[in-house]
Amino acid sequence: MVTKQERRAGLLRQIERVNNHLTDLHRQSDQLSSLRLVVAVAGIVVVSVLFFIPALRVVFWLSLVAFGGGFGALVVIHRRVLRHIEEFSGWRQIKQTHVARMDLDWQKIPPARRRSAPLHMLEADLDLHHLHRLINTSTSKGGSDRLREWLIPTVPDVRTIHRRQNAVNDLIGQPQFRDKLALYATLAQQNIRESGEGRTLLEWLAEESPQTGARRWLLVLAVLAAVNIVLFIGVLAGAIATDVLVSVWGIYALIFVWQLRRVQTVFEDALTIEAALRRLDAVMRFLEQDRYGAMPHVAEITAPLVTNRPSKALRDATGVISGASLRANPIFWLLFNTVIPWDYYFAFRLETLKTDLQQQLPQWLDIWHEVEALSSLATLAYLNPSATVPTVDESVSEVFHAVEIGHPLIEDENRVTNSFTFRQVGENVIITGSNMSGKSSFLRTLGVNLSLAYAGGRVFAERMDTTIFRLYTSIRVTDSLDDGISYFYAEVRRLKGLLEAIKVEDAPPVFFLIDEIFRGTNNRERLIGSRSYIRALENSNCVGLVATHDLELVQLADGDPLIRNFHFREDVLDGRMVFDYTLREGPSPTTNALRIMRMEGLPVETETEDISR
């Protein structure tokens, strides 16, 4: 099996080869730029001299053709070289980003898309927004959003998970397919002058088109235009008076201007999605090629594209929009519309185009976004060869079993793995330990890997078996000044939501993760509330972990097989705290809050001094 170090070294070799090729291409580009300048200057000088020598008129024309043709050929060759530079630069960027993802080099990983909506509970508590940024290789907003939806497993479905796992397995061994899909979409976006994505295609399709009557007025104006052409020929032949032509053309112009405002919105709408259509065309031309022999499960997803070849319809669509863009040139727009109802023809074509695309385009976009999200999960597995396929099945012997499970957002050299098991639904675990010992990180380790498993991806464990759970967390609860909600009340509402979730009938059990339960109140009330709450969770439709500093809570496990204690510990070496982040059975034997205070120079009374007072 390939190791992560070997895969990283392979990517670095690819980057080096691309760099060498780019160096050659840039040298060719510089040479072609110089040659174009020489040919242009020489051509201007030679042609200018020959122009003033009448006896060499034939030589003048031959020189003009030769220099003009030579310069044109150099322009074509130079553009081809520049296109190759653009392609190889994009390819290098993709490979460099892969290395950054392997190294968790966040400075070189593309930033997350801006979002107006608040983070989902699981995103905030489990850092799923950071996980999404790490693994998201989608170039489209739809692909990125779909991956995000998969990583927030509200109610996972076994069949869907297995289907994604199979497709991800297909894609892991196809790095060129995944990277080319991203490259072509990126290059198409770079070649579009508009900044940003503008309105999405689906938003455009969902909007109700105004009733312009373009077809009816096109027929009227087309008849008048044909009559005008016949009359114009008659005027040239002297058979028809000019006044007749002017009168009929006047009617044509009057109707044209009268109804023009009604079709104006059609053009404005179409031009806003031109960039998205051109980009989609580049992607569809790649996806519709029959290249899925080694990817049977991906082939099932892309079959409609291979069969129907959407790029043909998209090329027709971009052709129609290109015709409509004549409006950007006032002189030609006036010239064409004076003779024929150009605007009305393309308004009619655009209305027909929108009707046709409403039937097909949502499916094309859905397939693209699906493949992009699957490719993101496959790339994560490809860059982390030790990640494993989890077993997700409702009939597993132990409802959750993980062997050497670790956190994907922690660097390899610092990642500590642990094994953990829930044997049956209804079990609860209390985790105690000192500050910074690893309790919160372990909760997130379990939650993040469950999210990856339910998304259809690989997990960071030697082995992981799990049934279907609904994830629920209470880790990073925050107050809300806008809503007038205190931290404690916000936590109470979150924990109440968990009790309501486990009472939902005919629903999968809940896998809950609670960090520092009832931290927003005093010691006495926290202890009473925590005991009551944990007892309420026991033997319910859930399993879960509660991390706490309250060592009194460990007594709940005495004589109760459904409640177990685990802990993390620390040591002091050379005057500093040392943590091994290893999960151990039983309650924590130590605390370190006072020790940390003393080490940092804060005044701390001894227990004797405290008692004497």
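Predicted model: local features only at pLDDT ≥ 70, side-chain atom pairs only at ≥ 80, totals over all residues.

Q: Let us begin with sheets. How many strands form the open sheet that contains E6 and E12, and in what order?
A: Strands of a sheet pair through backbone hydrogen bonds, either parallel or antiparallel. Here six strands form an open sheet. The order is E6-E7-E8-E4-E9-E12, and the pairing is mixed.

Q: Which strands are at the edges of that sheet?
A: Look for strands that pair on one side only. These are E6, residues 470–474, and E12, residues 584–585.

Q: How many bridges join E9 to E12, and do the strands run parallel or antiparallel?
A: Two bridges join them, and the strands run antiparallel. E9 spans residues 563–568. To place the pair in the viewer, find Phe566, which stands opposite Glu585 in E12.

Q: Which strands does helix H16 touch where it packs on the sheet?
A: H16, residues 439–455, touches E4 (428–433), E6, E7 (510–515), E8 (542–547) and E9. The direction of H16 makes about 155 degrees with that of E7.

Q: And which strands does helix H17 touch?
A: H17, residues 487–502, also packs on the sheet and touches E6, E7 and E8. Its direction makes about 160 degrees with that of E6.

Q: What is the strand order in the open sheet of four strands?
A: The order is E1-E5-E2-E3, again with mixed pairing. E1 (391–392) and E3 (418–422) are the edge strands, each pairing on one side only. Four bridges join E2, residues 400–405, to E3, and this pair runs antiparallel. Ile405 stands opposite Asn418 in E3.

Q: Now a helix pair. At what angle do the axes of H12 and H15 cross?
A: Take the axes, then the angle, then the hand. The axes of H12 (residues 296–308) and H15 (residues 342–383) come within 10 Å and cross at roughly 145 degrees. The crossing is left-handed.

Q: Which residues of H12 and H15 meet?
A: From H12 come Ile301, Thr302, Pro304 and Leu305. They meet Gln363, Trp364, Ile367, Glu370, Val371 and Leu374 in H15. By class, the contact has seven nonpolar residues, two polar and one charged.

Q: How many cavities of 30 Å³ or more does a search of the whole structure find?
A: It finds three. The largest cavity holds about 100 Å³ of space. It is lined by 15 residues, and Lys4, Arg101, Leu104, Leu134 and Asn384 are the closest to its centre.

Q: Which elements give two or more residues to the lining of the largest cavity, and how do the residues divide?
A: The elements are H2 (57–103), H4 (128–135) and H15. The lining of the largest cavity has nine nonpolar residues, one polar and five charged.

Key
Residues numbered from 1 in each chain as written. Heavy atoms only, no water. Axes fitted to C-alpha atoms, helices over the stretch in contact; angles between N-to-C directions. Left-handed = near helix turned anticlockwise from the far one by under 90°. Contact = heavy atoms within 4.5 Å. Nonpolar A, V, L, I, M, F, W, Y, C, P; charged D, E, K, R; others polar. 1 Å grid on protein atoms, 1.4 Å probe; cavity = no way out; pocket = protein on both sides within 12 Å on 5 of 7 lines; lining within 4 Å. Points joined across faces, edges and corners; volume = space filled by probe spheres on them. Pairing = 2+ DSSP bridges.
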